[in-house]
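Let's take a walk through this structure together, one stop at a time.

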Amino acid sequence: MGRDVQGARRGGAEGDGARGQSVRDAVALAVLLAVIVAPALAFLVKLGGVELPLWLDGSTALYLSGSAPLSQPGMGAREVAANLAEGSTRDNVEDLVLENVPFRAQALIANAELQRDAIRASNLLFDWPAYPCFYGSSNYLIDEYQAVKPVQRSGLVPGWQRFSESLAAFASTHPGTRFAVLLPAESTEPASNPAIALTSDGVTNEDMAATFEAVLGSVPNVSVVAEDFDDGAAYYDQYFRLDHHWTEAGAVALYNRLAQASGLEVLEVQGIVEQEVGYMGSLARQGLVGAWDAATALANDFSNIRFTDEAGNVTTAADHSRYESLPKIQKLTDYYSSYYSGLNGVFENDEAPLDETVLEVSDSFGDAFTRLVATGARRVVNVDWLTQERSGDESLANLMEVEDPSLVVFVGTPWNYASMCDRFPNLFA
Amino acid sequence: MVFSSAIFLFLFLPLTLGFYFALPWLAAKNVVLLLASLLFYAWGEPVYVVLMVVSILVNWGFALIMDRAMSRAAASRRSQGALPRGARDGEVDPPGDDDGFDSLDVPSDRLGDIRGEERRARSSKGATVALAIVLVIDLGLLGVFKYLGFFCAQVNNLVGSPILPEVSLALPIGISFYTLQAVSYVVDVWRGDVRAQANPLYLGMYISMFPQLVAGPIVRYSEIEEAVDDRHVTLAGFARGIRLFAVGMGKKMLLANVCGVLADALLVLPPEEIGFVGCASAVCAYTFQIYFDFGGYSDMAIGLGSMFGFSYPRNFNYPYISSSVTEFWRRWHMTLGSFFRDYVYIPLGGNRVSTPRWMLNILIVWGLTGIWHGAAWNFLLWGLYYGVILMCEKLFLLSWLERVPRFFRHLYTIVVFFFGWLLFSVVGLSNVAHWVLAIFGRYGWLGTSTLWELQSWSYVSLVPVLVLASTPVIPWIRKRFEAWLAGRPAAGIVAAPQKGNDFVPPCELVVPADVLPSRRGAATAVAILADLALLAVFALSVISVVSSSYNPFIYFQF
């Protein structure tokens, strides 16, 4: 490439100006090239078996969305090609490029942070207590608690009514069994989540409990166990600030309410342990907030509870080997689901005071909850049906026939209750 | 594939640049561009790339037929001694569009120049028949894919029963743009403005050229004819391309996409739910979104063209500073305006006909402009809306406006294009009335929403940035600085004149040749600062690209 007439015009054909312009042009070219070839270089380096540091590796960003990289350090070209050929090659190629863009995780968070700064600047005029994490985000940053929360809307109410009506009908045909619907205050506690009051149709845990109570309150063998908090600070003692789940301390609080309502033994908290690696929960990841909570769990000893998973593997409820084996980045982004024993399986506790079987139908809120129930009941069977979409012959009645529970506990998020009957039409068949 | 995607930026562009500059021969470079363009298109439209290839071949073939028929006619006339000197093998007038960015006004001496004596000498019935056939094919393809479904649905609605089948064809991306380019090419060949391109690969490169393939600017063959056969990429030209590309990417990623979040969220909601604030902020957001989206795309296209040695025409010239609708359309989508002027309006007689016929010509052009954007009543209404306003301006409004202070002229223009974008963006003609009512307060300030949940408030800090970026404030500063460097008076500098404006990327400082020696240091320092500012914009845009999911340009849908 040579210089052109315009280049000459910019400062005269001779002189410092023209030379300076050429240097700046060359720098612009170098910058462009450096940017556009960086992912290809990173990819080649990884193919060569070199493990890039987490802050540089583009695939780190995948942990924010919970997906897996197509290329790993040391993976052969053939292996990468096989991964690309799986599913839509076009999409895979696009993903492969993205996962090799250096600093991508930082870019994601920096981009959101920039937008958040613009939103904060706008908020100087309004002083709202909560604002979106970035433009278009449905998660809101709550400055007072440095927390991120979504808002549950009244559109969920018909789904809750449908769930309640279906359960009421089902419970009346199983009068010998007790049922409990647990309503964790996931983002619905107004003092901890001021965004609810800023919307025209946000719902609180009080609204949610009232909806369930209106239908189930008159059914003798069903109890609705809801939460209430004195203030926002109390709430954040029991719920992660940056994840939609409760901490195990929060799970204990609701378990003890269940225990009081159902004759299970109340559990005493023997302390809280904090993991070395923090927890960048789902709301931090979705909201692209580069912060994390303390990853905490109960100090109680759960080693006397046997856990048998669906494949028949037997461990204990105190076994956290899966979590311990994870790389740091996964520990950081996946603490809640990897620390606890798992969802589908049977927990058995020979020392439990109540010699009965409890059937727990849950979503991920059951992760931290089930082993608590197993401190009070000899046998707890857990199924994660609240997260499932099922159209086969499976039903709660069939499962109850097999397991013969004296107590059936539902524990899940507002939106899972609301969509349950659509996703699993035979649940109460 | 879109420019603002990781796959384009980090795979397609480096590979294309690599192959392009690795090959020393122009012919090979042209083939690289053709293949790259086909891949670029096929990435998003694996089936319809065949349609584009067919369109290229058809236009290539018919243009050759026309050219040969015209050459034969010229030879025949020459043998009869009826041909003036110079009207032989394609010695034609240069393209007549030398009047800057006028979209519809025809200079009084222009029609006479359109077809000169020499062109008439080359005219041939055979060529005219070939032109008619190829136009039927080009416009027929566009009609089938873009309008047939709409037409059938309207006929069925009108009759009240399904007498025509329901047609639902996916619109091939970019068909509206490459069809216009193909039409301009064959018409220019027929007019004798350009010679037919004998090499189908080269014509294919022109029609499918990836920088401008899917959303313009609409480049006429005459504008790149020389570059197809002979072009040189210079460091300065390449760097200017990079700077323009960076500016365009900034407009798209940092401004348009952010505005698009608000527009997309609110435009789908019923106006009674969001009230005046929601509706007004939705249309305002869309107003900025479409300008920065389309303007950004055009800048990126022109920048990419420059990197490969092509000089593409400017498409936007700060339209939102206009003080009349006539001026607005000289500054907005300039290549579309000039296409309709040269290929529809002037052939219809332009303004050199009776007043009623002139008004009809305007309505025809604007009806076509509207419907070109999409097969929907909204678009037709949008086009006619501008047609009527332009008629009024030409008949009496412009002369009246000239007596009004400039501020009010701006205000008038802003109100007109605000409602224009409302017509354009609201889905469904029946909704338009509700939106207009909402703007006039029918559903209260907020409808049934709260101010917080409308989220418009969160854009308040961006408004000054959006407004400033819509105005030529940076060129204004730059021009004044350049004048200061040369010791020239700064009075009378117009940052974005309607005609003859040299298109320099914002932030790029053009150090004048006659810079005062004492101010050379300042020139260098400011030039470096300008480049650093552009680098920051580029870095932020890249960050945004790798943070975003698929976000196509608005004009892809047209």
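Start by finding Ser544(B): setting aside neighbours up to four places away in sequence, Ser544(B) is in contact with Asn111(A), Met253(B) and Leu254(B), where contact means heavy atoms within 4.5 Å. Before we go on, keep in mind that this is a predicted model, so local features need pLDDT of at least 70 and side-chain atom pairs count only at pLDDT 80 or more, while totals for chains, interfaces and linings use all residues. As for bookkeeping, residues are numbered from 1 along each chain as its sequence is written, chains are lettered from A and ligands numbered from 1 in the order in which they are written, and side-chain values use heavy atoms, with hydrogens and water left out.

Back to our serine. Ser544(B) sits in helix 21 (residues 520-547) of chain B; helices (H or I, at least four residues) and strands (E, at least two) are DSSP runs, numbered from the N terminus. Is Ser544(B) buried or exposed? Ser544(B) counts as buried because its relative accessibility is 3%, and the cut-offs are under 20% relative accessible area for buried, over 50% for exposed and partly exposed in between (1.4 Å probe, protein chains only).

Now zoom out to the whole of chain B. You'll count 21 helices and zero strands there. Of the 558 residues in chain B, 58% are buried. Among the contacts in chain B with a separation of 6 or more, 79% are between residues 24 or more positions apart.

What about the inside? A nonpolar core is a set of buried Ala, Val, Leu, Ile, Met, Phe, Trp, Tyr and Cys residues joined through side-chain atoms within 4.5 Å. The largest one has 245 residues, and those with the most contacts inside it include Trp246(A), Phe369(A), Trp332(B) and Trp421(B). Helix 11 (residues 271-307) of chain B gives the most to this core, namely 18 residues. If you click on Trp421(B), you'll find that it touches Val283(B), Tyr286(B), Phe328(B) and Trp332(B), among others, not counting residues up to four places away in sequence. There's also a second, separate core of 39 residues, with Trp385(A) and Leu399(A) among them.

Next, see how the two chains meet. The size of an interface is often given as the accessible area lost when the parts come together. Between chain A and chain B, the buried area (accessible area lost with a 1.4 Å probe, summed over both parts) is about 4800 Å², and carbon and sulfur atoms give 69% of it. In terms of residues, 56 of chain A are in contact with 57 of chain B. How many salt bridges cross the interface of chain A and chain B? The rule finds three, a salt bridge being a side-chain nitrogen of Lys or Arg within 4 Å of a carboxyl oxygen of Asp or Glu. Glu453(B) forms a salt bridge with Arg153(A), and their closest N and O atoms are 3.1 Å apart. On the side of chain A that touches chain B, helix 2 of chain A gives the largest share, 14 residues.

Finally, look at Phe103(A), in the loop between helix 5 and helix 6 of chain A. Phe103(A) has a positive phi of about 65 degrees, although it is not a glycine.

Key:
Buried area = accessible area lost by both parts, 1.4 Å probe.
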